[in-house]
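Colleague: I'm new to this one. Could you walk me through reading its aromatic rings and its inner space?

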Amino acid sequence: RMRTLLFCLLVGASASAVVELTEANFDAETKIGTDEARPTFVEFFAPWCGHCKKLAPAWEELAATLQNEGEPTAIASVDATIHKDVAARFGIRGFPSLILLRDGQMYKYKGSRAVEDLAKFVKGGYKEGPGEAAPTPPTQLAQVKVAFSELFSALVTLFKAHFAAALVLTAIAFFSGLTVGFAAGLVLAPTPAPRAPPAVDADAKKEQ
């Protein structure tokens, strides 16, 4: 542990070897679902997670060690509390969740969080456990469906949380619309032309 802490102090003075993944760059960095996919060991973490904080020094050491050894596998991390779509895509339910993406498969790590054990898993230990197909990037249609679903859920939640206020605002909007429509009708309605006086018969005027 002391070695890891000292290593982190040294790493802190230089750039981190851990690749920071986001919803915007996840597919571009991992190239998941393509023939050029790069092996990537991903940590899904939450900033408030105590176990994640304890893992951080070892994760940094792992990244730097593999980089120095020329290991092609990238060591990366994703803040699952911010990039929720990526976390949901991989079915993340607890923190930290460690997943190795390799050859179109994903391997979940369940072992010790010591640097040596993590390195062994990356270098071939993953073959001892079952893998499953890694989720490919979502299509644009799927992204649109998710966006509409999230919007609808947010509106339903807002309506339930502020039911009375929503009813009042709806009623105000309705009656305001009626009032504006009625006023507009009065303003825009054509003004009737003045009626012409009745014509007087010339013979009847002479008799008078």
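Colleague: Does F90 count as buried or exposed?

Modeller: First, a word on the ground rules. This is a predicted model, where local features need pLDDT of at least 70 and side-chain atom pairs count only at pLDDT 80 or more, while totals for chains, interfaces and linings use all residues. Residues are numbered from 1 along each chain as its sequence is written, and side-chain values use heavy atoms, leaving out hydrogens and water. Now, F90 counts as buried, at 4% relative accessibility (buried is under 20% relative accessible area, exposed over 50%, partly exposed in between, with a 1.4 Å probe and protein chains only).

Colleague: How do I read a ring pair?

Modeller: A pair of aromatic rings is described by the distance of the centres and the angle of the planes. Rings of Phe, Tyr and Trp (its six-membered ring) pair if their centres lie within 6.5 Å; planes under 30 degrees apart are stacked, over 60 edge-to-face, the rest tilted. That gives nine aromatic pairs here. The rings of F26 and F90 have centres 5.5 Å apart and planes at 55°, so this pair is tilted. F26 is buried too.

Colleague: Which residues form one aromatic cluster?

Modeller: F41, W59, Y107, Y109, F121 and Y126 do.

Colleague: And how is empty space found?

Modeller: Rolling a probe the size of a water molecule over the atoms shows where empty space is left. The largest cavity holds about 40 Å³ of space (on a 1 Å grid over the protein atoms alone, a cavity is a set of points where a 1.4 Å probe fits but cannot get out; the volume is the space filled by probe spheres set on the points, which are joined across faces, edges and corners).

Note on methods:
1 Å grid on protein atoms, 1.4 Å probe; cavity = no way out; pocket = protein on both sides within 12 Å on 5 of 7 lines; lining within 4 Å.
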